[in-house]
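Subject: Structure for you to look at

Hello,

Here is the structure I promised to pass on. Please open it and keep it beside you while you read my notes.

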Amino acid sequence: MTVSVTNQSTPLGNKIVQDTSVVNVAVDNATGASGTLYAVEITTSTASTVFFKLADSTDATAGTTAADIVLRCPGNSTKSYIFPGGIPFTAGFSHWCVLSADQSNTTTPGDNNVSVSYVTS
């Protein structure tokens, strides 16, 4: 799993989080701070529909932690979500990806099958 965070300079002042292999293990507090979510892009190379989950948390566990946002991406596709007004995250950004929207699901889409980028402030 490779996760990178890129700070954008003024006037944007945003962070772009890129995870090239999102699996069923949460990446906790990816940006290291609270912030606002503006956009998410999910790409999957698996035939199965995947569910990318974000929790307003610094310590999340797939299958246990309730996600604040669940985004669906059909198999073998790319899906973008834009939140023009932004969605505030007061604790931090923790994310993971599984094969069902159910909170208890922990089925991994597999290594290197799902990549995600999201924009925060």
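Along the sequence, the pattern is β-β-β-β-β-β-β-β. The protein has eight strands and zero helices. Helices (H or I, at least four residues) and strands (E, at least two) are DSSP runs, numbered from the N terminus.

A word on the source. This is a predicted model, in which local features need pLDDT of at least 70 and side-chain atom pairs count only at pLDDT 80 or more, while totals for chains, interfaces and linings use all residues. Residues are numbered from 1 along each chain as its sequence is written, and side-chain values use heavy atoms, with hydrogens and water left out.

**Overall shape**

The C-alpha atoms fill a box of roughly 40 × 25 × 25 Å along the principal axes.

Of the 121 residues, 41% are buried. Buried means under 20% relative accessible area, exposed means over 50%, and partly exposed is in between (1.4 Å probe, protein chains only). Now take the contacts with a separation of 6 or more: 76% of them join residues 24 or more positions apart. A contact means heavy atoms within 4.5 Å.

**The five-stranded sheet**

Five strands form an open sheet in the order E1-E2-E8-E3-E6, and the pairing is antiparallel. Which strands stand at the edges? They are E1 (3-7) and E6 (77-89); each has a single partner strand, so one side of each is left without a neighbour in the sheet. Neighbouring strands here are turned by 15 degrees against each other on average, direction ignored. Axes are lines fitted to C-alpha atoms, for helices over the stretch in contact, and angles run from 0 to 180 degrees between N-to-C directions.

Two strands pair if DSSP finds at least two bridges between them. E1 and E2 (residues 15-19) run antiparallel and are joined by five bridges. Val5 stands opposite Val17 in E2. Strands of a sheet pair through backbone hydrogen bonds, either parallel or antiparallel.

Look next at Thr31, in the loop between E2 and E3 (35-44). Thr31 is buried, with a relative accessible area of 12%. Beyond its neighbours within four places in sequence, Thr31 is in contact with Lys15, Val17, Phe93 and Thr120.

**The three-stranded sheet**

A further open sheet has three strands in the order E5-E4-E7, with antiparallel pairing. E5 and E7 are the edge strands, and each pairs on one side only. Neighbouring strands of this sheet are turned by 20 degrees against each other on average, direction ignored.

Follow E4 and its partners. E4 joins E5 through five bridges, and Leu54 stands opposite Ile69 in E5. Six bridges join E4 to E7. Phe51 stands opposite Val98 in E7, and Lys53 has Trp96 as its bridge partner there. Six of the seven residues of E4 are buried, so this strand is largely enclosed by the rest of the structure.

**The cores**

A nonpolar core is a set of buried Ala, Val, Leu, Ile, Met, Phe, Trp, Tyr and Cys residues joined through side-chain atoms within 4.5 Å. The largest has 21 residues, and Leu37, Val40, Ile42, Phe52 and Tyr118 touch the most other members. E3, E4 (50-56), E5 (69-73), E6, E7 (93-98) and E8 (114-120) each supply at least two residues of this core. A second, separate core has six residues, including Ala26, Ala60, Trp96 and Val98.

**The cysteines**

How many disulfides are there? A search of the whole structure finds zero. A disulfide is a pair of cysteine sulfur atoms within 2.5 Å. For Cys73, the nearest cysteine sulfur is that of Cys97, 8.2 Å away. Cys73 counts as buried, at 0% relative accessibility. Cys97 also counts as buried, at 0%.

Best wishes
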